[in-house]
Amino acid sequence: MTQFCNVFCFVFILNVAFQILPSRADNAVPVLLWGESVNSDLTNAVNPFLKTTSEEFGLYLRKKLENSPPVLLYIKDNLCIEDLVKYKQHLQEVISGDSLRYFPAVEKAVNTVEDLPLYNQTYNDYVDSVSDGQLLIVPISNLDIIPDTYKTIKDSSPNLIAMLTGKACSYRRSERVKRDIDADNTTTSFVISGARVLLYANRPLSLQPEKDKAVINLPLKPTITEESDPKTSAYNLTMTFTGSGAIIKNELVFIFKVRTAGYYTLKTINYSHYINANSTGNPQILTTDTDIVFPFNFSYHCSQIITFKNGDTALNITGLQVQLDPQPDKKTNGTKIFAFNDAYDCVGFTTIPIWTGIFVTAILALIMIWALTMIIDIRTMDRFDDPKGKTITISAQE
């Protein structure tokens, strides 16, 4: 059994490692340049999310090294921004603020430096001086050895330019990616602003006329009419959508009723579709299982999909928010603009996760109370035997 557990743990660790390591690898590494002819960029804020391509970095180096000054390149196998922060005290000993250039992330930095033209490359750890047109590459394992080697070479080569970079970074760097907007810059939200009704949906209304027919996304701007029904004390909002193909027109009638004193309700929608100008419309009553109820001067909101259906015919509304008699928000050029008031949401105050948390907390509280009661009820001995005296006798009642 123990051998099986060891094998299972080994396989699990390998699986996690193979999934994590590739995702955390990054070929963009930080680069530090300092020397007499390097302009400082510390006067401006450095964007930590900025990535410099190898081509851009190569153009910068060719411009700064056009006179072929001596170059000292420190290469670390694994170098990240966290390493620079950790060894900042050692780097401050050799870097002056007026001759520093910092790149947060450069792609293929080592290859770009090694491809510099008009430079003779030398790999050596023990060199006291570097001449013009020479590139000295020093592999290092720790950043704390930079001050000693740099000061030794700097004394004999005053025009020296030093660089610090790495071959790779083991941490993934956060990067911002610009997202393109839609080419047509159009909106897909559905908005109805009538005389008394303000209605909104995140997406166009989706209609399923029959079981075997395709779903229809109704147009965003229908023709609306509003009327009150004195017989049922209801307020009807009629939307007429121009159809295409076999159906030339779709009609939806939202029926708002006063459920109780001070509350509106939306339970049914009358749906009709017309195949020609003389058709009767084939009216159907669509109902929903969602309890859409909201008080006067309040709106109703639901982020979920609300479905009104009758048999195979269904109307789906996503992100519904509706209100009757909304208050004007502001006036612009004499036109009133209405806005939703506070909303009654379809998700109640106590959701299933909240009830689960309360239930678990109650069980833990009962266990804690029972444990404290048991601890308090513990009685310790208050009498002890005297080896030289009479034996203590304790009755069963005690």
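**Exercises on ring pairs and a surface patch**

The structure holds eight aromatic pairs, where rings of Phe, Tyr and Trp (its six-membered ring) pair if their centres lie within 6.5 Å. The model is predicted: local features need pLDDT of at least 70, side-chain atom pairs count only at pLDDT 80 or more, and totals for chains, interfaces and linings use all residues. Residues are numbered from 1 along each chain as its sequence is written, and side-chain values use heavy atoms, with hydrogens and water left out.

**Exercise 1.** Classify the pair of Y264 and F294 by its ring planes.

*Solution.*
- Planes under 30 degrees apart count as stacked, over 60 as edge-to-face and the rest as tilted.
- The ring centres of Y264 and F294 are 5.9 Å apart and the planes are at 40°, so the pair is tilted.
- Y264 lies in strand 14 (residues 263-274) and F294 in strand 16 (residues 293-295), 30 residues apart; strands (E, at least two residues) are DSSP runs, numbered from the N terminus.
- Ring pairs link Y264, F294, F296 and Y300 into a cluster.

**Exercise 2.** Decide whether Y264, with a relative accessible area of 9%, is buried or exposed, and do likewise for V360 at 41%.

*Solution.*
- Buried means under 20% relative accessible area, exposed over 50%, partly exposed in between (1.4 Å probe, protein chains only).
- Y264, at 9%, is therefore buried.
- V360, at 41%, counts as partly exposed.

**Exercise 3.** Find the ring under the charged end of R196.

*Solution.*
- A charge sits over a ring if NZ of Lys or CZ of Arg is within 6 Å of the ring centre and within 35 degrees of the ring normal.
- The charged end of R196 sits over the ring of Y235, 4.4 Å from its centre.

Technical notes. Helix = DSSP H or I, 4+ residues; strand = E, 2+ residues; numbered from the N terminus.
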